Amino acid sequence: MPISCGVVNCRNRYPKKAHSFFRLPIVITKQGEVTKEMSDRRRRCWLAAINRTGMSETVIRNLRVCSAHFISGKPSALYKDTDPDWVPMVNMGYAMKDLNTQVVRHDRLKKRKETIKKRDAAMSLVELGSFSDISGGDAEVYIDVDSKLTDLELAQLEISRLSGKLQQADTEIARLQNDNLKLIEEKESLTSAVHKMKATMPGDFANDDDKVQYYTGLKNFVTLMALFNLLSSEISEAKNSSLSKFQKMMITLMRLRLNLSIVDLSYRFGVSRSTISKVFLEIINVMNKILSPFVQWPDRDDVEHVIGTHRTVRQNFSILGATCPIDYLITKSEDESPILDKMVTVCCALTNLCPSVVSFD
Ligand SMILES: [Zn+2]
């Protein structure tokens, strides 16, 4: 025999659709007062939720509610009356405001019929979270939903609805916490990636000699800081400059070492191309002035050593092996040497800052 769902506007039928169907809870009378009260209250809540008027006893006896009207797909256990599935509440075929209209109508009727004292008692019990039957314990099986819905039952419906919302909120919170964890992990991995690429502060190189060597050609962090201390007082630092002295030195060293273009460096350090050009020229001049005494030119007789040194310097500083801008060959005055000469001197000096590969003894 086909079974159909008794909820307004629900077209789920058995066996056409894969739904479970649940009978209206019966009043259990042989398992003590608490069970009797709860099963009775539940039955009335179901009838209120189904919200159909004028149902005959036969209709009520054969009434089924399908799984589509429960969050979990089935009713909760009898004693779990705070579970949102204690009463069917999903897609009940009417808006909650319809139910509210019924609540208002019912309230008016009730005000006429009941004493203020009884209502206050019900409210107090609702507030206390106690739902003992205050209607006198009369558990007649069939109830006319329209006129006998008590405050307590309406409160129960509202609690079921709110419990459902609470459960949804809990799920949402769990999802957000999970998302948050993923974002924290992502942030940590990005921070570490950014740190590897950053070359703006001494801290970006501390404990990472491989990084120092890659970006500057210098042997280690100690040598890098020694060089910075040597140059620092000669490097200019304008009040509103967006580049620190250390950054200026790094721009120059990175350009010498990796032959990084002006454009690349302007992106890395977040300044204009012309700033990078000016910084590079300034620091080459400072380095040339301070470091030229460090250059140990090998004896002319020792040709092999000269070639060896030359090779090492070119290997260390890519810019020397690349095509250089014509400006680097031109001088403003005859007394001054071209920037390319200064670059070569600086690169030789920087090579000598490390234990030399060429023995001068
Ligand atoms: Zn249904």
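**Helices and cores**

Tutor: This is a predicted model. Start with helix H6, residues 151–197: at 1.5 Å a residue, its 47 residues should span 69 Å, and the end C-alpha atoms are 67 Å apart, which agrees.

Student: Which residues of H6 are buried?

Tutor: They are Asp151, Leu152, Glu153, Gln156, Leu157, Ile159, Ser160 and Ser163.

Student: Ok, new topic. How many residues are in the largest nonpolar core?

Tutor: That core has 36 residues. Ile251, Ile283, Met343, Val346 and Cys347 have the most contacts inside it.

Student: Which helices each supply at least two residues of this core?

Tutor: Helix H8 (221–232), helix H9 (245–258), H10, H11 and helix H13 (339–353) do.

Student: And what does Ile251 touch?

Tutor: Leaving out residues up to four places away in sequence, Ile251 touches Leu265, Phe269, Ile276, Val279 and Phe280. There is also a second, separate core of 14 residues, with Leu47, Val65, Met92 and Leu157 among them.

Student: Back to H10 and H11. At what angle do they pack?

Tutor: H10 (residues 262–269) and H11 (residues 273–291) pack at about 105°, and their axes are 8 Å apart. Angles of 65 to 115 degrees count as roughly perpendicular, so that is what H10 is to H11.

Student: Which residues meet there?

Tutor: From H10, Ile262, Val263, Leu265 and Ser266; from H11, Arg273, Ile276 and Ser277. By class, this contact of H10 with H11 has 4 nonpolar, 2 polar and 1 charged residues.

Key. Residues numbered from 1 in each chain as written. Predicted model: local features only at pLDDT ≥ 70, side-chain atom pairs only at ≥ 80, totals over all residues. Axes fitted to C-alpha atoms, helices over the stretch in contact; angles between N-to-C directions. Helix = DSSP H or I, 4+ residues; strand = E, 2+ residues; numbered from the N terminus. Parallel < 35°, antiparallel > 145°, perpendicular 65-115°, else oblique. Contact = placed C-beta atoms within 7 Å. Nonpolar A, V, L, I, M, F, W, Y, C, P; charged D, E, K, R; others polar. Expected span 1.5 Å × (residues − 1). Buried ≥ 20, exposed ≤ 12 C-beta atoms within 10 Å, placed from the backbone. Core = buried A, V, L, I, M, F, W, Y, C linked by C-beta atoms within 7 Å.
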